Amino acid sequence: MENVLRPLIVVGGSVLLTLLIGWATDRLLRKADERHSETPLWGLLRRGRIPYMLVLCAAMLRGSYDQVRTLQRHNAGIGQALTLILIGATAWLVIRIAAAIVETTYTRYARAHHDAARVRRVRTQVTLITRVVAAVVGVVAVAAMLLTFPAMRAAGASLLASAGILGIVAGVAAQSTLSNMFAGLQIAFGDMVRIGDTVVVDGEWGTVEEITLTFLTVRTWDERRITMPVSYFTSKPFENWSRGTPQMTGIVYWHVDHTAPVELMRERLRDILRECPAWDGRDYGLAVTDTTPNTMQVRALVTAKDADDIWTVRVTVREQMIRWLTDHHPYALPRVNTADATLAPGFRRLNGNERDGESSRRAHEPPRTGRG
């Protein structure tokens, strides 16, 4: 009976005590979150209750399992498994706590500053810092797990002796990965591109959606995702429409007939912009920028507060101006000119019969030679 009750008491007591401590800690965090609603720290810390309970349970079982006195032949294996669980749960808990602290810091910064560009920059840095912390903690946890095995501790000396050669080989093999990692840190703290920036990469217009240590994801206007190595943004030029102020100037072109009423088009452009909510009211203009034998090119300049609004203004102006020309000035639209050209003064236009007669007379005249 003792062999049955002892394991139940030790294991059951550890689990029950873990549940009680976890429930009490969660209650305290919930009350702290209600009292201090201005900070999300306590609510974010509640996300770590599962690794917290795993750490408690593994620690209590690891310390009290020797008192069970059953399966003594497997004590070493069970103790090793509990140690591994404790190390893994501790690393998980540390990552959750670090993420909660970093996220709280970012939230306070975003509330205190209203500059969208600076907030996006800090958001990018916070995201990469969280990933770096998670990677470092994960590597340390794996190393600690490996060191719990006696064979790994015995091989430590030989591993250290060959660390220099292995470091060179690993550096050559992981050259691309390491360059991307350093490029990711350079992007985060060099303020080259941030999460939420509007960029043009390889002719594709989109918004930066995610930045990691190795790759960057751009969400295009048609909901596609373009994933690129972060080293691309440190080695090749790209357009960042959100760099500096988000205000933008857009251009709209039309090809119209030479008889198009340019002054009336300027007035119509002003009326269209006044009725367009996306126009920021900073500036506008319309001018003839080029001509061809059949048409002339008219360019309109419009402004908006960001890239999304400038797209809306451009398509609105283009559509409504063409509709207005079609309804009120159809002669201003491009057309192929099939009329006879206007002759210069002193030239007489010949009809068809006169041209045929003139050609016949010239064909039968003898060739003239010399002077006469």
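Which residue in strand 4 does Phe215 stand opposite? In the predicted model, Phe215 faces Pro229 of strand 4. The structure described here is a predicted model, in which local features require pLDDT of at least 70, side-chain atom pairs count only at pLDDT 80 or more, and totals for chains, interfaces and linings use all residues. Residues are numbered from 1 along each chain as its sequence is written, and side-chain values use heavy atoms, with hydrogens and water left out.

The protein contains 13 helices and eight strands; helices (H or I, at least four residues) and strands (E, at least two) are DSSP runs numbered from the N terminus. Of the 372 residues, 31% are buried, where buried denotes under 20% relative accessible area, exposed over 50%, and partly exposed the range in between (1.4 Å probe, protein chains only). Among contacts (heavy atoms within 4.5 Å) with a separation of 6 or more, 65% involve residues 24 or more positions apart.

Five strands are arranged in an open sheet with the order 4-3-2-1-5 and antiparallel pairing; two strands are taken to pair if DSSP finds at least two bridges between them. Strand 4 (225-229) and strand 5 (239-240) each have a single partner strand and stand at the edges, so one side of each is left without a neighbour in the sheet. Between strand 3 (residues 215-220) and strand 4, the antiparallel pairing extends over five bridges. Excluding neighbours within four places in sequence, Asn240 is in contact with Met192, Val193, Asp197, Thr198 and Val199. The C-alpha atoms of Asn240 and Thr207 are separated by 9.7 Å, and the two residues are 33 residues apart along the chain.

Two loop residues have positive phi values. Most residues other than glycine have a negative phi. Asp202, in the loop between strand 1 (198-201) and strand 2 (204-211), has a phi near 55° and is exposed, with a relative accessible area of 60%. Glu223, in the loop between strand 3 and strand 4, has a positive phi of about 70° although it is not a glycine. Glu223 also takes part in a network of salt bridges with Glu209, Arg219 and Arg225.

The largest nonpolar core comprises 27 residues, and those with the most contacts inside it are Trp254, Met265, Leu269, Leu286, Val313, Val317 and Met321. Such a core is a set of buried Ala, Val, Leu, Ile, Met, Phe, Trp, Tyr and Cys residues joined through side-chain atoms within 4.5 Å. Two or more residues each are given to this core by strand 6 (248-256), helix 11 (262-274), strand 7 (279-291), strand 8 (296-304) and helix 12 (307-328). Helix 12 provides the largest share, seven residues. Leu286 touches Trp254, Val262, Met265, Arg266, Leu269, Val298, Arg299, Ala300 and Met321, residues up to four places away in sequence not being counted. A second, separate core of 15 residues includes Ile187, Val208, Val218 and Val230.

A total of 15 salt bridges was counted, a salt bridge being a side-chain nitrogen of Lys or Arg within 4 Å of a carboxyl oxygen of Asp or Glu. Glu210 and Arg131 form one of these, with their closest N and O atoms 3.1 Å apart. Glu210 lies in strand 2 and Arg131 in helix 5 (residues 116-147), so the pair ties together parts that are 79 residues apart in sequence. Glu210 is partly exposed at 28% relative accessible area, and Arg131 is partly exposed at 35%. Within helix 1, Arg30 and Asp26 are four residues apart and separated by about one helical turn; their salt bridge has closest N and O atoms 3.3 Å apart. Asp26 is buried, with a relative accessible area of 12%, whereas Arg30 is partly exposed at 34%. Lys305 forms a salt bridge with Asp306, the closest N and O atoms being 2.9 Å apart.
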